[in-house]
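Hi,

Here is the model we talked about handing over.

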Amino acid sequence: PYFRLISSKSQLIDLGFVFGLRKPLNVRPRKKMSWEERYGELLKFKKEHGHVIVPQKSGPLGTWVKGQRISYWKMKAGYKSPMTADKALKLSEIGFVFDASDLSNNFH
């Protein structure tokens, strides 16, 4: 047949299989950024683009923006949330839109 069954660990080692790796090679662990650091990225985005409408699928900042909207609505509904009134105010002051459906209505 086209392949043969490997029946022992020594056969895998002979083929170059490496056991015991805990993470992929050449991958640096990402440092989780603080809320203030991401907010700073959002300010930089605003300076470059003139608005804070970050596409949600545009990478870490987009993911963070989506998370801020979710956290805001949890806070407003009375659920446990990392969003605070101070954070919501800071975001509002730079033109952040908490309801993404408002954005889709404006861009069609």
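A quick definition to start: helices (H or I, at least four residues) and strands (E, at least two) are DSSP runs, numbered from the N terminus. On that basis the chain reads α-α-α-α-α along the sequence, with five helices and zero strands.

Some housekeeping. This is a predicted model, so to speak of local features we need pLDDT of at least 70, and side-chain atom pairs count only at pLDDT 80 or more, while totals for chains, interfaces and linings use all residues. Residues are numbered from 1 along each chain as its sequence is written, and side-chain values use heavy atoms, leaving out hydrogens and water.

On the overall numbers: 20% of the 108 residues are buried (under 20% relative accessible area; exposed is over 50%, partly exposed in between, with a 1.4 Å probe and protein chains only). Taking contacts (heavy atoms within 4.5 Å) between residues at least 6 apart in sequence, 39% join residues at least 24 apart.

Now the helix packing. Helix 2 (residues 35-49) and helix 4 (residues 85-93) pack at about 10 degrees, with axes 11 Å apart. The axes are lines fitted to C-alpha atoms, for helices over the stretch in contact, and the angles run from 0 to 180 degrees between N-to-C directions. The two helices are therefore roughly parallel (under 35 degrees; over 145 is roughly antiparallel, 65 to 115 roughly perpendicular, the rest oblique). On the helix 2 side, W35, E36, Y39 and L42 meet K87, K90 and L91 of helix 4.

Together with Y72 and W73, F96 and F98 form one aromatic cluster.

Last, a loop residue. Q56 sits between helix 2 and helix 3 (60-76) and is partly exposed at 31% relative accessibility. Leaving aside residues up to four places away in sequence, Q56 touches G62, T63, K66, R69 and A100. The C-alpha atoms of Q56 and G67, 11 residues apart along the chain, are 9.3 Å from each other.

Cheers

Notes: Phe/Tyr/Trp six-rings, centres within 6.5 Å; stacked < 30°, edge-to-face > 60°.
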